[in-house]
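Have the structure open as you read.

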Amino acid sequence: MKTILIGAHTSAAGGSQNALYEGKDIGATTIQLFTSNQKQWKGRKITEEEVSLWQKALDETGIQEVMSHDSYLINLGSPSPESLEKSKQAFQDEIERCHLLNIPYLNFHPGAATGSSEEQCIETIIASLLEMEKLLHKGSTRLLLETTAGQGTCVGYRFEHLASIIQAVHKKIPIGVCIDTCHIFAAGYDIRTEKAWQKPLHEFDEIVGLKHLFAFHLNDSLKPLGSKVDRHAGLGEGEIGLECFQFLMTHPTLKYLPKYLETPVGLDGWKKEIALLKKYAH
């Protein structure tokens, strides 16, 4: 019997291993974490001691398919040479931390055009990612492009954006997609019901390919369909509603993909949401 992988973005305060124990406490079978402060350019170093504590925690909790989320400052599509250089360095540091902890997935927002066009931004992202080829092959971490809400000048809110990047790099680096339910809904893809899901799922398969889908961020949305505003809500407490999440937990292919809650409901809320999602799956 395959494990249903559901978790949340837990806290690595005091050491990465603490995120695993926090996950276990809320009934999670997988977790997402920041391996370093997400709001600082300078990443922290992972010590040998932390690596062994992490391994011990993995053994004790049985948590699988962990995902790291990169720093919010990183923009691999920046038109500013200085910002781009800092972003690439910080991203390399993140990959190295993932390798040290043997983390399977590194989730990242593709990038923001700021002063350039979306096309230029996507080209810059592709070039940035290809620079990571040598480093990525030193470990087993797969990069996952996160779907975005289309807020500001962020790219990644259309499946076509993701497809352009994946087609350009997938033969050279391990890459895939993490669909954020709040983000694709805000970007204009209706996923409120099982029937509604058929269209974006078919489009994703046609444009990107379901074989490139590796994970989900599960979030309801405070803002309406197509609002392009990224505001998460607890499951069933937003504009998307529970049927969407019930569908994801029962679809034969999608139910076994790892899913990470980023809902603003805290540990007790996550405990309830994880229990609910597990119930849907059985």
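What radius of gyration would a compact globule of 282 residues have, and what does the protein have?

1. **Overall size.** A compact globule with 282 residues would have a radius of gyration near 19 Å, and the protein has 18 Å, which agrees. That radius is taken over C-alpha atoms, and the globule rule is 2.2 Å times the number of residues to the power 0.38. The C-alpha trace spans about 45 × 45 × 30 Å along its principal axes.

2. **About the model.** This is a predicted model, where local features need pLDDT of at least 70, side-chain atom pairs count only at pLDDT 80 or more, and totals for chains, interfaces and linings use all residues. Residues are numbered from 1 along each chain as its sequence is written, and side-chain values use heavy atoms, leaving out hydrogens and water.

3. **Make-up and burial.** You will find 10 helices and 12 strands, which are DSSP runs (helices H or I, at least four residues; strands E, at least two) numbered from the N terminus. Of the 282 residues, 55% count as buried, meaning under 20% relative accessible area with a 1.4 Å probe, protein chains only; exposed means over 50%.

4. In α4, C121, I122, I125, I126, S128 and L129 are buried. Seen down the axis of α4, these buried residues fall within an arc of 165° (from the directions of the helix axis to the C-beta atoms), so they line one face of the helix. The face turned away from that buried side carries the exposed residues E119 and E123.
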